[in-house]
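Subject: Structure handover

Hello,

Here is the structure we talked about handing over. Please look through it first; my notes on what was found follow below.

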Amino acid sequence: MASLTIKNAVKRYGNVEVLKGVDIDLEDGEFLVLLGASGCGKSTLLNMIAGLESVTEGEIMIGDRVINDVHPKDRDIAMVFQSYALYPNMSVGKNISFGLEMRGVPKKERDQAVQEVAKMLQMDHLLDRKPSQLSGGQRQRVAMGRALVRRPEVFLFDEPLSNLDAKLRLEMRTEIKRLHKRLNATMVYVTHDQIEALTLADRIAILKDGEVQQLGTPAEIYDRPVNMFVAGLVGSPPMNFIEATVVRTDSGYAAEVMVRAAGADQTVLLDLDAQAADVSDRVGRKIIVGLRPEAITQAGQKAGGDAQSFPSDIDVTEATGADTLCVLHWNGKEVMARVSSGYAQIIEGTMDFAVDMSRASLFDPETEKRLD
Amino acid sequence: MSDHTYSPAQGQSVLWMRLLLWALLILFAIWFLLPAYVVVGTSLKDLEEIRGGSLLALPHELNFSAWKHAWNEACIGVRCTGLEPYFWNSVFMALPAVFISTLLGALTGYALTKFQFRGANMIFALILFGCFVPFQVVILPMAQTLGRLGITNTVYGLILVHSVYGLAFTTLFFRNYYVTIPDELVRAATIDGAGFFTIFRRIILPLSPPIIVVSVIWQFTQIWNDFLFGASFTTGGAQPITVAMNNLVNTTTGVKQYNVDMAAALITAAPTLFVYIVAGRYFVRGLTAGSVKG
């Protein structure tokens with residue numbers, strides 16, 4: 001097992017800069033998820049680690065070995081592709097052992113290794129089948145088996161679950177997590193699905209336009225996004241961005257918001273005292289208050305010291321089972337609140353909501369960066 | 001399906017339409033098969049019968065003497081060897097040329113699609129251009145080339161000519177087929193440690209039979225049926241069967257032996273017919289074969 005170091009990695013195609021200097025340090029056994037929309041450079045970065053794309057500038061190291069110019073097969077990596085890329089003409093067993101065969105491993109050892117992996121992934125009975133005779137989930141397993149059998153230093157996953165249906169995706173997600181725990185291997189996983197990222201990662205790197213926006217644990221990314229892009233990308237439904245004016249209060253500062261309640265706009269002061277950010281020089285100016293839906297909930301439920309409550313009109317409710325999402329109108333814009341399902345079923349119209357401002361994120365409206 | 005039912009009157013008219021359709025189809029089938037029937041029929045008659053009877057009359061008996069004569073007795077120019085040696089000339093020309101052009105086309109198509117390099121599409125466009133170069137254009141430079149290489153008037157010369165000329169077509173076939181094979185297969189194999197030729201042999205070629213059939217049929221028909229290159233670059237004993245057949249028909253001593261001419265034409269056409277009958281359905285399958293599903 002080994003660490004993975006990416007130092008100032010740049011990728012250019014002609015004049016187009018796809019990656020603009022990426023720095024990531026991965027410790028041995030860490031699970032990194034590269035998250036971003038399509039075209040952000042995440043797959044390019046993965047292919048550079050794999051050796052399928054050249055590195056224009058910078059260094060990529062596995063352990064303390066620079067691998068920029070090392071052939072993919074000598075990098076001690078394995079990759080699982082989105083389309084699985086199983087060799088259609090070979091049986092499952094051959095698919096798994098192909099890499100070993102190419103490395104000159106004797107047949108006996110190969111067979112043994114295949115058996116071991118097949119047992120681990122519960123597909124011993126599939127070894128003689130052709131990929132075309134397998135279901136999507138089974139193909140996915142074979143693709144994983146092919147990566148596992150060589151016991152590489154670093155595993156690379158390129159959106160491996162995006163071709164599966166929702167139920168299988170959940171199963172395989174758990175399976176990948178379990179494998180990571182069991183093998184304790186270094187893994188890099190590319191996805192555009194923020195839930196996959198949050199559930200799987202030890203750390204997430206969020207990319208946009210070839211730049212890392214934020215690199216941190218799922219909790220850091222979720223609770224303390226560095227800018228509005230990250231805040232909007234992670235979390236479902238996404239964070240509410242509320243434009244508010246900073247005002248002075250007796251105890252400190254607050255953000256002034258117009259809340260529609262009982263059919264009329266009411267001024268509400270959202271207390272900013274729990275915030276680390278210094279807003280003293282912003283009095284009278286606008287800031288963006290970022291509130292996740294679960295930070296706005298029914299009054300009385302989370303009557304912590306930080307929560308403040310006030311009435312607000314409910315426009316629409318959307319039941320999701322465990323919770324109900326309520327659409328409110330603040331500053332003339334829609335704001336999502338997450339309420340325990342029992343409440344919203346009873347109450348339509350106006351209801352008291354509690355806002356936990358200690359969980360709010362403040363952003364500068366111009367730079368869109370977090371204020372701390 | 002609609003559950004519309006026909007009234008008896010409508011049923012009648014539908015039946016008549018059907019009959020008319022069948023009649024037309026049969027008529028055209030006869031129309032197009034007639035020449036083939038005349039050729040086969042005439043080849044089985046003797047000269048007496050040809051002169052005495054109608055062109056369309058069935059032969060009195062199955063008389064293969066004209067076939068035998070065309071195969072190894074008929075005079076081609078001054079050499080009365082029949083078509084046999086020329087038949088083998090064509091075989092020894094066509095088989096290697098088909099094999100070489102198909103293999104090179106596969107390799108080129110593979111390199112152009114799966115190992116994309118700068119200018120790959122440009123090179124493909126240039127190769128494609130070769131499909132539009134008429135035979136006549138290359139005759140002179142090709143004659144010079146063969147002369148320099150010292151393989152004029154040999155089967156090897158024709159093998160070279162047909163391999164080179166066929167490359168444009170086979171590259172087109174394989175390139176367009178390989179474009180549909182996902183690149184991730186090659187990437188996966190690269191990471192697994194396979195090199196250029198190993199990937200070709202172990203992954204790409206096993207996926208290629210449909211397009212190989214297309215390429216083989218196309219090339220075989222082209223090369224076997226070629227007359228111009230054969231007539232231009234060979235004389236006498238090194239000629240392919242198409243040229244020999246032409247000469248056989250043109251070599252007349254006394255009476256015109258129509259039955260021998262017809263038999264010679266059928267012998268010449270037999271191998272391509274055979275290839276189409278055996279591999280024809282794979283041909284269509286190969287042409288329509290789209291993506292390879294993992």
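In what follows, axes are lines fitted to C-alpha atoms, for helices over the stretch in contact, and angles run from 0 to 180 degrees between N-to-C directions. Helices (H or I, at least four residues) and strands (E, at least two) are DSSP runs, numbered from the N terminus. The model is predicted, with local features needing pLDDT of at least 70 and side-chain atom pairs pLDDT 80 or more, while totals for chains, interfaces and linings use all residues. Residues are numbered from 1 along each chain as its sequence is written, and chains are lettered from A and ligands numbered from 1 in the order in which they are written.

Helix packing in chain B

The axes of H5(B) and H7(B) are 8 Å apart, at an angle of about 135°. The pair is therefore oblique (angles under 35 degrees count as roughly parallel, over 145 as roughly antiparallel, 65 to 115 as roughly perpendicular and the rest as oblique). From H5(B), B:Phe124, B:Ile127 and B:Leu128 meet B:Ala168, B:Thr171, B:Leu172 and B:Arg175 of H7(B).

H7 (residues 155-178) of chain B also packs with H10 (residues 209-225) of chain B: their axes come within 10 Å and cross at roughly 155°. These two helices are therefore roughly antiparallel. Among the residues making this contact are B:Phe169 and B:Phe173 of H7(B) and B:Val214 and B:Trp218 of H10(B); contact means that C-beta atoms, placed from the backbone, lie within 7 Å.

Cores

The largest nonpolar core has 149 residues, and A:Leu34, A:Leu156, A:Val188, A:Leu270 and A:Val289 touch the most other members. A core here is a set of buried Ala, Val, Leu, Ile, Met, Phe, Trp, Tyr and Cys residues joined through C-beta atoms within 7 Å. H7(B) gives the largest share of this core, eleven residues. A second, separate core of 17 residues includes B:Ala74 and B:Val243.

Between the chains

In the interface, 22 residues of chain A are in contact with 16 residues of chain B. Strand E6 (77-80) and helix H2 (92-102) of chain A are the elements giving two or more residues to the chain A side.

A loop residue

B:Phe115 sits in the loop between H4 (84-114) and H5 (120-129) of chain B. B:Phe115 counts as partly exposed because it has 13 C-beta neighbours inside 10 Å (20 or more would be buried, 12 or fewer exposed, and partly exposed lies in between).

Regards

Definitions and conventions: Contact = placed C-beta atoms within 7 Å.
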